[in-house]
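Here is a short briefing on one structure. Keep the model open while reading the points below.

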Amino acid sequence: MTRPAKDFFAPLAVGAPTPLREIPARPSRAIHFFDPGNEKMAAKVPDMVGTVDVLLGNLEDAVKAENKERSRQGLVDIARATDFGPTQLWTRVNSLDSPWGLDDLVTLVTEIGDKLDVIMVPKVQGAEDIHYVDRLLAQLEAKAGLDRPILVHAILETARGVANVEEICGASPRMQGLSLGPADLAADRRMKTTRVGGGHPGYLVRQDPTRDDLGVPQYDAERTTYQQDLWHYTIARMVDACAMHGIYPYYGPFGDIKDVQACEDQFRNAFLLGCVGAWSLHPVQIAVANKVFSPSVEDVAHARRVIAAMGDGTGAVMIDGKMEDDASVKQCQVMVALADELAAIDPELKKQYDAIELEA
Ligand SMILES: CC(C)(COP(=O)(O)OP(=O)(O)OC[C@H]1O[C@@H](n2cnc3c(N)ncnc32)[C@H](O)[C@@H]1OP(=O)(O)O)[C@@H](O)C(=O)NCCC(=O)NCCSC(=O)C[C@H](O)C(=O)O
Ligand SMILES: [Mg+2]
């Protein structure tokens, strides 16, 4: 049974901080993964502060079993030694059924809980996983004397998780957002792709055959094919569930590091559908995510024009031959609100948005 409404925002342990009523819209275009136990990667972290919205110390998949403790301790050391300024610090802990998940939570919250913004929980199956983490975090926060709650981000990477996506999003006031985990999800669903995210050339639709003068289909004639997005359905479900609960959806990883163009396309599909960011696995993907998840100057200029022309936001006007009304002004407000949030933390973007405004 879910908690009654009157108890939903009550702390789950004596001395734990009061849960937030609203999840702040903090820019998180790129969630950059690094292994805190990898000396080369860890050495790069201090210089990445301020260049990326989120730095995430990854303790789960991609960290070898024999290095789990080293990576956990590495994250504690980095968090203590680094001033993260405007950059958020997240972690991805090991799954709740693994030998490391409990120690990850206990160690990180009690030792660096004051530095951690969000804990990403992999392979979430249903509300029961979030309830478990919720109560444990409250106990640990109380023990550590934390004065603000750590937020929780769930990765959607099992068929059961997808089926339960709405209840996962609404399971706790700590829920900050969801990411797609396309590799684990593909395996769990028995999809026949071995790629880490992105499309597949076999997932396509084909143009109808042309016909000869007698109307006979020419099956052997060349026909254009159009590759489709394998992840469209899941991302759309995530976006609706997140929007319904006032939390944030993210595309996950794109494993073909060298193919920055296809990465950009996959990220843009997610952006257009409503996602606010994606994972970056390699430094080269940070710029891709920052570009894609920032509204273009043209879109911001257009949105501001529509808002200005619509006055109190009701009625209908024509702009450049197109009808704008109460609904389209709301779309424009989404665009401008995001631009304002990003401009507040990204001086280069601010300059671009301000310059367009002057020209308009
Ligand atoms: C993908 C990598 C293994 C590639 O590493 P490497 O071969 O070392 O790349 P480069 O030689 O191009 O690296 C150049 C330098 O940059 C450093 N580097 C590389 N990646 C990072 C990083 N993420 N953060 C910081 N620094 C990084 C290298 O050390 C080189 O340094 P130097 O030699 O001093 O110049 C590697 O990028 C990597 O391991 N990335 C992270 C992978 C990861 O986190 N995977 C887990 C997330 S995806 C997932 O879990 C699937 C999901 O859950 C699902 O189910 O779908
Ligand atoms: Mg995974």
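S5 and S6 form a parallel pair with 5 bridges. Within that pairing, Ile155 has Ser179 of S6 as its bridge partner. The model is predicted.

- The open sheet is built from 8 strands, ordered S9-S6-S5-S4-S3-S2-S1-S10, with parallel pairing.
- Strand S9 (248-250) and S10 are the edge strands, each with a single partner strand, so one side of each has no neighbour in the sheet.
- On average, neighbouring strands of this sheet are turned by 25° against each other, direction ignored.
- Strand S4 (residues 118-121) pairs with S5 in the parallel sense, over 4 bridges.
- Val121 stands opposite Ala154 of S5.
- S6 also pairs with S9 in the parallel sense, here over 3 bridges.
- Leu178 has Pro249 of S9 as its bridge partner.
- In S6, 6 of the 6 residues are buried, so the strand is largely enclosed by the rest of the structure.

**Helices across the sheet**
- Helix H2 (residues 68-81) lies across S1, strand S2 (54-58) and strand S3 (88-92).
- H2 runs at about 175° to S3.
- H4 lies across S4, S5 and strand S6 (175-180).
- The angle of H4 to S5 is about 155°.

**Nonpolar cores**
- The largest nonpolar core has 78 residues.
- Ile31, Ile119, Leu178 and Phe267 touch the most other members of that core.
- Helix H4 (residues 127-144) contributes the most to this core, with 6 residues.
- Another core, of 9 residues, lies apart from it; Ala301, Ala339, Tyr353 and Ile356 are among its members.
- In soluble globular proteins, nonpolar side chains tend to be buried together.
- Neighbours within four places in sequence aside, the contacts of Leu178 include His153, Ala154, Leu156, Val165, Ile168 and Cys169.
- Leu178 is also in contact with Met238, Cys242, Tyr248, Pro249 and Tyr250.

- Ser280 is part of strand S10.
- Ser280 counts as buried, because its relative accessibility is 0%.
- Beyond its neighbours within four places in sequence, Ser280 is in contact with Ala30, Ile31, His32, Phe33, Gln285 and Ile286.
- Helix H10 (residues 284-292) has Gln285, Ile286, Val288, Ala289, Asn290 and Val292 as its buried residues.
- Those buried residues pack against strand S1 (30-34), helix H1 (39-48), helix H9 (260-273) and strand S10 (278-280).

**The magnesium site**
- Glu157 (OE) and Asp184 (OD) coordinate the magnesium ion (ligand 2), at 2.0 to 2.2 Å.
- Glu157 sits in the loop between strand S5 (151-156) and helix H5 (159-163), and Asp184 in helix H7 (residues 182-189), so the pair ties together parts 27 residues apart in sequence.
- Glu157 has 3% relative accessibility and therefore counts as buried.
- Asp184, at 24% relative accessibility, counts as partly exposed.

**Aromatic pairs**
- The whole structure holds 6 aromatic pairs.
- The ring centres of Trp90 and Tyr250 are 6.0 Å apart and the planes are at 80°, so this pair is edge-to-face.
- Trp90 is in strand S3 and Tyr250 in strand S9, so-called distant parts of the chain, 160 residues apart.
- Both Trp90 and Tyr250 are buried.
- The ring centres of Phe267 and Phe293 are 6.0 Å apart with planes at 45°, so this pair is tilted.
- Phe267 lies in helix H9 and Phe293 in the loop between H10 and helix H11 (297-309), so the pair ties together parts 26 residues apart in sequence.
- Phe267 counts as buried, at 0% relative accessibility.
- Phe293 is buried too, with a relative accessible area of 1%.
- Tyr251, Phe267, Phe271 and Phe293 make up one aromatic cluster.

Note on methods:
Residues are numbered from 1 along each chain as its sequence is written. Chains are lettered from A and ligands numbered from 1 in the order in which they are written. This is a predicted model: local features need pLDDT of at least 70, side-chain atom pairs count only at pLDDT 80 or more; totals for chains, interfaces and linings use all residues. Side-chain values use heavy atoms; hydrogens and water are left out. A nonpolar core is a set of buried Ala, Val, Leu, Ile, Met, Phe, Trp, Tyr and Cys residues joined through side-chain atoms within 4.5 Å. Buried means under 20% relative accessible area, exposed over 50%, partly exposed in between (1.4 Å probe, protein chains only). Helices (H or I, at least four residues) and strands (E, at least two) are DSSP runs, numbered from the N terminus. Contact means heavy atoms within 4.5 Å. Donors are N, O and S atoms within 2.8 Å of the metal (3.2 Å for Na, K and Ca); water is not among the atoms, so sites may look incomplete. Two strands pair if DSSP finds at least two bridges between them. Axes are lines fitted to C-alpha atoms, for helices over the stretch in contact, and angles run from 0 to 180 degrees between N-to-C directions. Rings of Phe, Tyr and Trp (its six-membered ring) pair if their centres lie within 6.5 Å; planes under 30 degrees apart count as stacked, over 60 as edge-to-face and the rest as tilted.
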